[in-house]
Amino acid sequence: LELIGLWPRFEQTTWEKCLCNLRVLLTFLFIIFVLMIPALYSLIRIHFDILLVTDNLMSTLPIITCVLRLVIFWWKREAVAPIIHLIVNDWTKTTTFQEKAIMVAKAQIARIIITFGYGMMAAAITVMAVLPIFGYSVRHLSNITADLERPLPIQTYYIYDTTRSPQYEMTYAVQSIASLLCIMCYTGIDSFLSLSVFHISGQLDILRNRLLHLHAVANFNNVLKNIYIYI
């Protein structure tokens with residue numbers, strides 16, 4: 001998220017905010033013009049073939065979803081930024097070993113899920129962008145798509161001939177980079193949200209333990225006040 005400018009920062013200078021917005025804009029335009037528009041145009045051209053339509057939608061729908069996530073997360077970035085600040089405060093102000101153990105356990109669960117997600121995305125980009133280099137493609141190829149002999153990672157249609165060199169190599173590289181940006185955006189936002197959910201879950205467990213053991217605390221009023229502030 002930091003690379004594409006989506007990482008929510010609680011405090012930013014005007015220059016840093018402009019740089020983040022510029023990276024988001026470049027990522028958005030890159031995905032739109034390299035993947036989304038050519039894929040949609042290709043979908044219009046092959047709408048009469050159900051197999052080609054299915055092959056197209058397997059990549060077009062995630063691309064559209066990625067663009068929507070990019071726009072929505074950028075739009076709500078200032079609202080999400082305080083969550084980062086609260087998470088940092090929770091980790092730095094943990095008072096007991098039990099509370100820290102709860103937070104670590106939740107963070108480990110989130111890390112496992114995030115690692116699994118990134119592993120799946122790495123496998124997807126490998127199958128989609130690396131295997132065609134060696135002559136293996138998971139796409140449904142046809143003469144209609146005009147890339148039967150030299151398939152691209154994603155079913156798209158461009159205004160130039162992509163079967164000739166160096167147009168094919170350049171288009172292949174650009175599509176691979178755009179696909180990688182889509183994966184970073186898609187997986188990064190999901191990872192951030194899952195981390196936030198598990199952190200909030202841990203904080204609720206800590207709050208539950210505080211309420212359950214409230215009667216055994218000597219300084220009852222101070223602890224009750226802290227719980228009120230915590231909520």
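Q: How much space lies in the second largest pocket?
A: Rolling a probe the size of a water molecule over the atoms shows where empty space is left. In this predicted model, the second largest pocket holds about 470 Å³ of space. Its lining is made up of 20 residues, and those closest to the centre of the pocket are Met58, Ser59, Pro62, Ala124 and Met128.

Q: Which helices supply at least two residues each of the lining of the second largest pocket, and how do the lining residues divide into nonpolar, polar and charged?
A: The helices α2 (50-75), α4 (97-130) and α5 (167-212) each supply at least two residues of that lining, and α2 gives the largest share, with 6 residues. By residue class, the lining of this pocket divides into 15 nonpolar, 3 polar and 2 charged residues.

Q: Is serine 59 buried or exposed?
A: Serine 59, which lies in helix α2, counts as buried because its relative accessibility is 14%, and buried means under 20%. The side chain of serine 59 also reaches the backbone oxygen of asparagine 56, at 3.1 Å.

Q: Where is tyrosine 186 placed, and which residues does tyrosine 186 touch?
A: Tyrosine 186 has its place in helix α5, and, when residues up to four places away in sequence are not counted, tyrosine 186 touches Pro62, Thr65, Cys66, Arg69 and Met121. With a relative accessible area of 23%, tyrosine 186 is partly exposed. The C-alpha atoms of tyrosine 186 and leucine 70 are separated by 8.1 Å, although these two residues are 116 residues apart along the chain.

How values were computed. Residues numbered from 1 in each chain as written. Predicted model: local features only at pLDDT ≥ 70, side-chain atom pairs only at ≥ 80, totals over all residues. Heavy atoms only, no water. 1 Å grid on protein atoms, 1.4 Å probe; cavity = no way out; pocket = protein on both sides within 12 Å on 5 of 7 lines; lining within 4 Å. Points joined across faces, edges and corners; volume = space filled by probe spheres on them. Helix = DSSP H or I, 4+ residues; strand = E, 2+ residues; numbered from the N terminus. Nonpolar A, V, L, I, M, F, W, Y, C, P; charged D, E, K, R; others polar. Buried < 20%, exposed > 50% of the residue type's maximum accessible area, 1.4 Å probe, protein only. Contact = heavy atoms within 4.5 Å. Polar contact = N/O pair within 3.5 Å; in protein donor to acceptor, adjacent residues only side chain to side chain.
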